[in-house]
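Here are a few exercises to work through with the model open beside you. Try each task yourself before you read its solution.

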Amino acid sequence: MKRLHTIIAATAVAVATLASPIASAHASLKSSNPAAGATLDAAPKEIALTFNEKVEQAFSSISVADGQGKEVAAEKAKVDAANPAILRLDVPALSSGTYTVTWAVAGHDGHRRKGEFKFTVK
């Protein structure tokens, strides 16, 4: 019986060890500038999203839309050359209002993650 418990415990440890890299294999948003829900006194010149791992330029994007849903940035987002876990988008001068940032990225495993958040310019 003790041998059976040892085998079960060893199997559980092996499964947990093998499953943990799989569970954390997708790129996740760690932070953003501006922050989600922020109210800014001055409009940002760029949107910078920081992920928990490198993101692939070809499969990653950021868009910014005004309160009416009209996209305001014409440029494409670029992966930061110094830190490939950061995706940046230059934005034109933004007027007062609420903006929605929508992002999609693919990490090294190829899985795409998507999300969005809002910020407000006074």
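**Exercise 1. Aromatic pairs**

Task: In this predicted model, are Tyr-99 and Phe-119 buried or exposed, and how many aromatic pairs does a search of the whole structure find?

Solution: 
- Start with accessibility: Tyr-99 and Phe-119 are both buried.
- Next, count: the whole structure holds two aromatic pairs.
- One of them joins Phe-51 and Trp-103, with 5.2 Å centre to centre and 70° between the planes; planes over 60 degrees apart count as edge-to-face, so that is the label here.
- Phe-51 sits in strand β3 and Trp-103 in strand β7 (residues 97-106), 52 residues apart. Both Phe-51 and Trp-103 are buried.
- Then take Tyr-99 and Phe-119, whose rings are stacked at 5.7 Å centre to centre with 25° between the planes. This pair links strand β7 to strand β8 (residues 112-121), across 20 residues.

**Exercise 2. The sheet**

Task: Work out in which order the four strands form the open sheet, and which strands stand at the edges.

Solution: 
- The order is β1-β3-β6-β5, with antiparallel pairing.
- β1 (29-33) and β5 (78-79) each have a single partner strand, so one side of each has no neighbour in the sheet.
- Now look at β3 (residues 46-51) and β6 (residues 86-90): five bridges join these antiparallel strands. In one of the pairings, Ala-48 of β3 has Arg-88 of β6 as its bridge partner.

**Exercise 3. A buried charge**

Task: Glu-53 is buried; what is the nearest side chain of opposite charge, and how far away is it?

Solution: 
- Locate Glu-53 in the loop between β3 and β4 (61-65).
- The nearest side chain of opposite charge is Arg-113, 8.4 Å away. A salt bridge needs atoms within 4 Å, and Glu-53 has none.
- Finally, look for another partner: a 3.1 Å polar contact joins the side chains of Glu-53 and His-108.

Conventions:
Residues numbered from 1 in each chain as written. Predicted model: local features only at pLDDT ≥ 70, side-chain atom pairs only at ≥ 80, totals over all residues. Heavy atoms only, no water. Pairing = 2+ DSSP bridges. Helix = DSSP H or I, 4+ residues; strand = E, 2+ residues; numbered from the N terminus. Phe/Tyr/Trp six-rings, centres within 6.5 Å; stacked < 30°, edge-to-face > 60°. Buried < 20%, exposed > 50% of the residue type's maximum accessible area, 1.4 Å probe, protein only. Lys, Arg positive; Asp, Glu negative; His and termini not counted. Polar contact = N/O pair within 3.5 Å; in protein donor to acceptor, adjacent residues only side chain to side chain.
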